[in-house]
Amino acid sequence: MEKIPFLELTQTYQELQAEIDVVVQRVMNSGWYIQGEELEYFESEFAEYCDSKYCVGTANGLDALHLILRGYGIGPGDEVIVPSHTFIATWLAVTLVGAKPVPVEPPDDATYTISPELIESAITPKTKAIIPVHLYGRPANMAPIMLIAAKYGIKVIEDAAQAHGARYQGRRVGNLGDAAAFSFYPGKNLGAFGDGGAITTNDSELATKLRSLRNYGSSTKYVHDMIGLNSRLDPLQAAILRVKLRCLNEWNARRVTLAESYQKLLAGTKLVLPAVSAGFDSVYHLFVVCTPHRDSLQTELKNAGIETLIHYPIPPHKQIAYASMQSLALPVAEGLSREVLSLPIGPHLSREDVEKTAHHITQIVGLSEQ
């Protein structure tokens, strides 16, 4: 039985092997393995790609969020509004600086991102920031969020870990709030061959502070002005990311084409499909469907050789790490955790594999009676 993987990472290397091998050798022969010009080139190129003024490379996406919060002086006694439905890293960054994550639900409409209509009622005098997540590759609804933030004088920090290249009302994510955090985990739309992350911003003061914070709190060797971290994107990963960045638009376009195929082939089934809205240009890091029969569907697809994943089976407030918050009533997030299923998608998935997956799903779940 021919299997359909959820995501085939080796093919990203195979497509670009000649170029990647050259830059790897260049870095290895340079003798410069921490910071340096390779990282500076990538930071400049990624900032330009995101239409932002500055980019600061970090060791991973969680550190990127954590450092932004540190850079803005957010800490103990403060509150940060976060989505109830997201990967736990969004919450962890808030907790790591000593602040309190305040969850806000998404609308129940297959957009999955934080609901602007519910944010204002969650704001208190302790609220210092909002972290909207561009989840699954779809931008959050940023315009009303920015208006609310301006009204209350609070920061907006984009969690763009899943949305490299996505656009909201024609503008790239990474240039919509006060600062943005990206992850270059290997499975991301722009993925390294290991961990990596970055921060984009138009705030020169913040960028300068972040460069110090990521480097032990030092801007001059052996002079430490603040308590910092060791969180640097290494030159080897930066060089590889520079190669992949040149392919990002094309690879995102492939994902969009596959997502459009899923939408057409699965239209009329009993699945809830991802929302498609004007002004929200998703890059489909994931193609997520919903069904109350998620577990049985996943099992039957597995038996057919089709790999799927669940993003995410346990909401953050139900994790043991947040035991004190388990009594919160967050029914949308809890419902999604029981129903979401991520179908195979990626720049190297074939149209044929999408058709096979959709065919099996249609046979399993059947057509809607409407």
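Reader: Which side chain is joined to that of Asn252 by a polar contact, and at what distance?

Author: The model is predicted. In it, Asn252 lies in helix H9, which spans residues 248-266. The side chain of Asn252 makes a polar contact of 2.8 Å, and the partner is the side chain of Asn189.

Reader: Is Asn252 buried or exposed?

Author: Buried means a relative accessible area under 20%. Asn252 counts as buried because its relative accessible area is 5%.

Reader: Leaving aside neighbours within four places in sequence, which residues is Asn252 in contact with?

Author: Contact here means heavy atoms within 4.5 Å. With sequence neighbours within four places set aside, the residues in contact with Asn252 are Tyr49, His164, Gly165, Asn189 and Val283.

Reader: Which strands stand at the edges of the open sheet of three strands, and why is one side of each left without a neighbour?

Author: The order in this open sheet is E7-E6-E12, with antiparallel pairing. An edge strand has a single partner strand, so one of its sides has no neighbour in the sheet. The strands at the edges are E7 (171-172) and E12 (280-281).

Reader: What is the bridge partner of Arg167 in E7?

Author: Strand E6 covers residues 167-168 and pairs with E7 over two bridges, in the antiparallel sense. For Arg167, the bridge partner in E7 is Arg172.

Reader: Which elements are included in what covers the buried residues of H11?

Author: Helix H11 runs over residues 331-339, and its buried residues are Val332, Ala333, Glu334, Gly335, Leu336 and Ser337. Their cover includes strand E13 (287-290), helix H10 (294-303) and strand E14 (340-343).

How values were computed
Residues are numbered from 1 along each chain as its sequence is written. This is a predicted model: local features need pLDDT of at least 70, side-chain atom pairs count only at pLDDT 80 or more; totals for chains, interfaces and linings use all residues. Side-chain values use heavy atoms; hydrogens and water are left out. Buried means under 20% relative accessible area, exposed over 50%, partly exposed in between (1.4 Å probe, protein chains only). Helices (H or I, at least four residues) and strands (E, at least two) are DSSP runs, numbered from the N terminus. A polar contact is a pair of N or O atoms within 3.5 Å; within protein, one must be able to donate a hydrogen and the other to accept it, and residues adjacent in sequence count only if both atoms are side-chain atoms. Two strands pair if DSSP finds at least two bridges between them.
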